[in-house]
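Thank you all for coming.

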Amino acid sequence: MWDYTPPRLPFYRRAWFLASASFLLIAGIAITIWLMIEKREWERRAALLDYEQLQEMESASVIYDRRNQVLGRIFIQNRDKVSMDEIARTLQQAVIAAEDNRFYQHEGVDYYGILRAMVKNYQAGKTRQGASTLTQQLARNSFPDDLPSNDRTYSRKLLEMFVAKEIEKRFDKARILELYLNRVYFGSGLYGAEAAARAYFGKHARDLDLSEAATLAGLLKSPNNLSPWRNRQACLDQRNFVLGRMVELGQITRDECDATLAKDLIVKNRARVSQESYALDLVAQQVIAQFGRDSAISDGYRIYTTIDGELQKHAEKAMRDQLAAIERREGYEHQTFAQYDQLFKASERKQTNSGAEPRPMPDYLQGSVVVLDNSSGAILTLIGGREFKHSEYDRAVLAKRPAGTAFKPFVYAAAFEKGMFPGTVVQDTVIDNRQVMIGGTTGILGEWGPETVDNKYEGAISARAALVKSKNAATVRLGMSTGLDRVTALVKKAGIESPMRPFPATFLGSSEVTLLEMTLANTIFPNGGMRPDRTFIINRIEAKDGKTVYQAKTSTTRVLKETTAFEVHSCLAEVLDRGTADRTFTDLAVKRLPLGGKTGTAYNFTDTWFVGYSRAVTCGVWTGFDKPKPIYRGAFSNQVVLPIWANVMKATFADYKPAEISQPRGMIKCEICTASGKLATDKCFEPVEARDGGEKSQRRTTYFEIATEAQAPKDGCDVHGSSTRSLVQDPGTGAGQWPRAALAVDVKAVEPVQIKGPTVIGDDPYNSIQATNNVIAMKKLSGATAPVDSSANVPAPAPGSGEPAIEVRRAEPVRPMEQQTIVDSTIKLEPPPPVKF
């Protein structure tokens, strides 16, 4: 037989190869089909997302002051959305160089970049380089719920890649870059190129130079860690790296790079970007109330307020410095701001480490300041406390506290409206505290209003002097003559909505009001009796497209006659010159300009106020504790808050000129006798004790006072000489209409009979002797130093006077006999003896 050996088959025809190839082919086809199915599924999932969301990014609502300087923002993400032509070309190039140099070559996913990153990371033994494109980053930032950044799974990464490819299908490269630069995070709470440029460099994104653009691009690698406010050197190193990449890509020349490296990087100081102040918090509340919370924090409104940013800063410093000085006062016994701040910071650290814990409430001395534009009611300055982060409670708008003696101008305004005038005589003598009931219900009323511990009772004084010197008893007597209803009606018309207590204590400011109410009400005096209808802090609001969606409207209300307002103003001007605030032009160095104001101290020194004004603005200041308690013994307004008011007012003079407050028509000057409050005569003199045995002299007791024709007295002085007082009243038919009979006898002032001794001898079951003692003791205080506190006892006489101190208290009836308590209503009587007939 033939010895035949078949030829060796080539390997590709061998069974093992054919079997393997067939398996691989079938597997390849299966895998391809599977990949196609998976690709279609991932494409379907990517297509389900709402890509309109890319363009619907939140924009912060920006709050501006009256000079268009940014005060703060209302936002979830602090962003200012701008178009591509408002972003510097150098910033666009720098971001591409730093984050995605093949941005214009790929279609959303850079496969070459992925391969390069894998090799580099393998060589380094750890992940050192990423391969996400700008489009992928945009996808991740736009769909945080579907593509959470903390999800490191392959499925999330695959979906991100397909979403990026879908974005590339729907938008061109320029639009993708614009969306990216408006959405990306630049650290320090700043989103988007415009917000970052404004915060870091104080300029628009379109105005950035090469160094600034490279700096912002460098931040994207690690926004918080590379912040120039946190790590300047690391920020500069990353900027230099970006500049080098731009040279490598041919975007800039080496000379441009070297020139940029030689320049110093100027970065703005970090400023607050949210509503972390009382004024901005009030603005935010009003915008949210007007448009809703969602719209306010995302629709990018431009909110133009009435706040004067520079004046606000000056007022905050003035209050901070003065209250800190009070806390350093020897003998100050309350918690200080510094002590609470340490507790607050420790509490914050505990909350950060171990979760929420109740934070201690501040118990240090608080203060508030309001400055209003007199003509419109615009709020120029609003401070609701010493530190917003310690307490968000706005004491300027919400806190109602007793106005104390700062309330007195309204009592005098009501009196002058009724027909009295500044020359009306009132009695500055002891008054029974049962009529007022401040600091007790018996005894005598204290005189804390004059803001001094050595105030003396002066007897008969003019209403002007009583207001200038802030006399308590005289004010109560004037208020009672005027009528409580008249005073409370005027106060409500002046803009104080808080209820007034229907008691005489209201004349001395016992009713609680807010500082904003008091400041608004006081605008009637520089405004000639007019006031703005309301206060407001937002002047205008514009939408993102520039359309005005809100515009404040102003109007005024007549409260007083112009003449009455000027009469009160003339008194309040003297308060600063020779009254309770006489430190204003001397110690506190305020220029002698047309100003007016009134000190205000509440009983027991729990609250101090000062409300004063120029022709242009009215400023109110308050200090006290959230839980009322004495600031310290003798904490008068002229020592505590007057320095704050003086510093704030001095800061207003440059921009809000204090023009003259002119005397209105219809007013006259008349010579008045201080003793009677009537027209002076040639006999209005009083003897003056001679010194060193010299001859006695006489002093003229008159002065010139302003009044209207209706207010001015018609009769001459009835205290000095033999002048007569007409007791016949003109029925109103006009002068000379009917003859008036001359009095047969001159009517002279008759002194009342003074009680000098007990009126009851023997038993005194109704304590009438105590009533006599009250009269005698109070009489002895005339001309003496008035007590600051209300007291049941008259202060002891001066040493060496030989006069004993006499208790002044309510006279209580004494029960003449002890009454037996009858237990059984049935009275048992002994039977009468028998009657003999």
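This is a predicted model: local features need pLDDT of at least 70, side-chain atom pairs count only at pLDDT 80 or more; totals for chains, interfaces and linings use all residues.

Residues are numbered from 1 along each chain as its sequence is written, and side-chain values use heavy atoms, with hydrogens and water left out.

Now to the chain as a whole. The chain has 23 helices and 22 strands, where helices (H or I, at least four residues) and strands (E, at least two) are DSSP runs numbered from the N terminus. Of the 837 residues in the chain, 48% are buried, and by buried I mean under 20% relative accessible area, with exposed being over 50% and partly exposed in between, using a 1.4 Å probe and protein chains only. The accessible surface comes to about 43600 Å², and 53% of this surface belongs to carbon and sulfur atoms; such areas come from the Shrake-Rupley method with a 1.4 Å probe, and for residues only the protein chains shown count as cover. If we take the contacts with a separation of 6 or more, 71% of them are between residues 24 or more positions apart, a contact being heavy atoms within 4.5 Å.

Let us turn to the sheet. In what order do the strands of the open five-stranded sheet stand? The order is E7-E6-E18-E17-E16, with antiparallel pairing, and two strands are said to pair if DSSP finds at least two bridges between them. E7 and strand E16 (596–601) are at the edges with a single partner strand each, so one side of each has no neighbour in the sheet. On average, and with direction ignored, neighbouring strands of this sheet are turned by 5° against each other. Within the sheet, strand E6 (residues 366–373) and strand E18 (residues 617–624) run antiparallel and are joined by eight bridges, and Leu372 stands opposite Thr618 in E18.

Helix H22 (residues 642–652) packs on this sheet, where it touches E6, E16, strand E17 (607–613) and E18, and its direction makes about 155° with that of E18. For that angle, axes are lines fitted to C-alpha atoms, for helices over the stretch in contact, and angles run from 0 to 180 degrees between N-to-C directions. H22 is mostly covered, since eight of its eleven residues are buried, among them Trp645, Val648 and Met649.

Next come the charged pairs. How many salt bridges does the structure hold? There are 42, each being a side-chain nitrogen of Lys or Arg within 4 Å of a carboxyl oxygen of Asp or Glu.

Take Arg67 and Asp308, whose side chains form a salt bridge at 2.7 Å, N to O. Arg67 is in the loop between strands E1 and E2, and Asp308 is in the loop between strand E5 and helix H13, so this pair ties together parts that are 241 residues apart in sequence. Arg67 is partly exposed at 37% relative accessibility, whereas Asp308 is buried at 2%.

Another salt bridge joins Arg386 to Glu327, with the closest N and O atoms 2.7 Å apart. This pair also links distant parts of the chain, 59 residues apart, with Arg386 in the loop between strands E7 and E8 and Glu327 in helix H13. Both Arg386 and Glu327 are buried.

Lys345 and Asp341, by contrast, both lie in helix H14, four residues apart, about one turn of the helix, and their salt bridge is 3.3 Å, N to O. An α-helix has 3.6 residues a turn, so residues three or four places apart point the same way. Lys345 is partly exposed at 41%, while Asp341 is buried at 14%.

Ile33 lies in helix H1 (residues 15–47) and is partly exposed at 44%.

Finally, Gly439 lies in the loop between strands E9 and E10. Leaving aside neighbours within four places in sequence, Gly439 is in contact with Asn433, Tyr603 and Ser790.
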